[in-house]
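Thanks for asking me to look over this model.

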Amino acid sequence: MRSLLLATTAAVFSFGYASAEVTDDDIANDSTITNQIVTNGMGRALQRYSPLDILNKDNVKNLVPAWAFSLGGEKQRGQETQPLVYDGVMYITGSYSRMYAIDIETGEELWQYDARLPEGILPCCDVVNRGAALYKDLVIFGTLDARIVALNKDTGDVVWRDKIEDYKAGYSYTAAPMIVNGLVVTGNSGGEFGIVGAVQARDAETGEMVWERPVIEGHMGTLNGEESTMTGTLNATWPGDMWKTGGGATWLGGSYDARTDTIIMGAGNPAPWNSWLRDAGQKNDGSGDNLYAASRIGIDPATGDIKWHFQTTPREGWDYDGVNEVVAYDNRAGEQRLATADRNGYFYVLDAADGDFVRGVPFVKDISWSSGLDENGRPIWVEENRPGDPAAAADGQKGEVIFASPSFLGGKNWMPMAFSQNTGNFYVPSNEWGMDIWNEPITYKKGAAYLGAGFTIKPNYEDHIGSLKAIDPDTGELVWEFKNDAPLWGGVMTTAGGLVFTGTPEGKFIAFDDATGEILWSFQTGSGIVGQPVTWEQNGEQYVSIISGWGGAVPLWGGEVAKKVNYLNQGGMLWTFRLPKQLASAD
């Protein structure tokens, strides 16, 4: 049994003080309460839309820096956090599993927690952390050694801590946890190491496990410490024992649709990448779909049982993870919908009631692995654009090399899109790139990379890689597009003031007109932006924050693309801007 842990388990520098507790109502209504941000996504539906309109198209030019906070030291690398704001305090996570509490009036540090990471951690894609969750007097976040930590939000002291999984087997954790009905819900990372994706729910106040749901067929779930139900049917879509190391990491976390009381999690690529090992003969009869990898999964928050699933890339062989966020929204006709922009290059709309396919359209220009989607949303494969079988090669070592688009980093990767209740459109950060990819023989070894593939990423166009796209979900129409030379890797936010905010690797934090895509304001932050913007109201003024600090998967895995942006500076700076009251009226 776990016990309360003392703050001596990490470096904590505290100047805390007692404050109000975050309630279930605060969490449920986070998308409408304008003086706080207590959830990842500015609401568990992940719309990333603020009803604030103090800042608008006419006066955004008057937005000025209020304060800046440096993460300091040598621990830089990618900074992908989303700030949380509550009762006068901002909470951010930093690279290498750090947590900071900051006074929102002054930018002064109140306390800092620095997890003591062990040697031998195996993070796939940089030492990033994407944020935390607030509940009652706790701030909860995950660490790179696959642990979850609950701190007292006022002092930074450790209240409880638990292991998600064994980091020595390749597990890690980088996502922001989510609070649902008093449970803290987490996924796991490590899809390149032959791990098994799972969703876990703990009592948020004590850390005690309530349920666990593996997302790969054949594994048993648990409920209150006992076996519950098996995920799927053993060997229905997996050959032999490959389900035991089947991947499907739930590494981006999830959303919660209160309308249907459903947790929606995404599952990553099946393991290994070499798809010929997972479906001998590539029969395309469903036996090699490898459920529930590369899928969106609806889960009952009370029991962990799977309600429904939608697999975006059956027979997956390009590392098209299915983890990208699922946003709950109502369309213009008032119908309850879900939307997701997949790594495979398609934008999907699903029925919120059961996850059934409504429509799907390409949101990147070049998709080579599929010629479209059928009436059920299943891809129509271009068979010659599947990486070749190494067993068919003369030397048995390297299958046929093919060019696939999008690249394995995806038409859209982790960076969150936003929905605007103002326009009814989605704003999707995307990238136009492809890759040479080939398969290789591979066998599983605990804690070792389990890919069975090689690759080189290449830009598809000379004039841009990144593309912020405004998409009408009711028609699939592209409304406007902003092209960027370097890849886009940061989050997007929309507001009732008609604004769309995002940042670029070149360091620009930009506000766009939500209807036209016109740039209305920008600010150079000094390092590449791969973080997530937020906005809130304080003393009658509207504030906006973004973290700046280049890193993430692109410089590590980007091939020719990485060389294109290797001049970009690392950093670690949280910028906060305000619209002064006297400048709220346009000149």
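1. The lining of the largest cavity is made up of 13 nonpolar, 8 polar and 7 charged residues. Here Ala, Val, Leu, Ile, Met, Phe, Trp, Tyr, Cys and Pro count as nonpolar, Asp, Glu, Lys and Arg as charged, and the others, Gly among them, as polar. The volume of this cavity is about 330 Å³. Of its 28 lining residues, Cys124, Cys125, Arg130, Glu192 and Trp251 are the closest to the centre.

2. A word on what you are looking at: this is a predicted model, in which local features need pLDDT of at least 70 and side-chain atom pairs count only at pLDDT 80 or more, while totals for chains, interfaces and linings use all residues. Residues are numbered from 1 along each chain as its sequence is written, and side-chain values use heavy atoms, with hydrogens and water left out.

3. How are the spaces found? Rolling a probe the size of a water molecule over the atoms shows where empty space is left. On a 1 Å grid over the protein atoms alone, a cavity is a set of points where a 1.4 Å probe fits but cannot get out, whereas a pocket is an open set with protein on both sides within 12 Å along at least five of seven lines; lining residues have an atom within 4 Å of a point. Grid points are joined across faces, edges and corners, and a volume is the space filled by probe spheres set on the points.

4. Searching the whole structure gives 5 cavities of 30 Å³ or more.

5. Now to the open side of things. The largest pocket holds about 420 Å³ of space. Among its 22 lining residues, Ala28, Ser31, Ala45, Gln47 and Ala328 lie nearest the centre. Two or more lining residues come from each of α1 (24-28), β18 (254-257) and β22, and β22 gives the most, with 3 residues. These elements are DSSP runs numbered from the N terminus: helices are H or I of at least four residues, strands E of at least two. The pocket lining has 12 nonpolar, 6 polar and 4 charged residues.

6. There are 29 salt bridges in the structure, each being a side-chain nitrogen of Lys or Arg within 4 Å of a carboxyl oxygen of Asp or Glu. One of them joins the side chains of Arg378 and Asp289, at 3.0 Å from N to O. The partners are 89 residues apart, with Arg378 in the loop between β26 (370-373) and β27 (379-381) and Asp289 in the loop between β19 (262-266) and β20 (295-299). Arg378 is partly exposed at 25% relative accessibility, while Asp289 is buried at 10%. Buried means under 20% relative accessible area, exposed over 50%, and partly exposed in between, using a 1.4 Å probe and protein chains only.

7. Another salt bridge pairs Arg315 with Glu383, whose closest N and O atoms are 3.1 Å apart. Arg315 sits in the loop between β21 (306-311) and β22 (327-330) and Glu383 in the loop between β27 and β28 (402-404), so the pair ties together parts that are 68 residues apart in sequence. Arg315 is buried, at 1% relative accessibility, whereas Glu383 is partly exposed at 38%.

8. In the salt bridge between Lys458 and Asp436, the closest N and O atoms are 2.6 Å apart; Lys458 belongs to strand β32 (residues 453-459) and Asp436 to strand β31 (residues 433-439), 22 residues apart. A network of salt bridges links Lys365, Glu432, Lys469 and Glu481.

9. Finally, two serines. Ser370, in strand β26, is buried, with 3% relative accessible area, and its side chain reaches the backbone oxygen of Gly372 at 2.8 Å. Ser545, in strand β40 (residues 541-548), is buried too, at 0%. The Ser545 side chain makes a polar contact with the side chain of Thr576 at 2.6 Å. A polar contact is a pair of N or O atoms within 3.5 Å; within protein, one must be able to donate a hydrogen and the other to accept it, and residues adjacent in sequence count only if both atoms are side-chain atoms.
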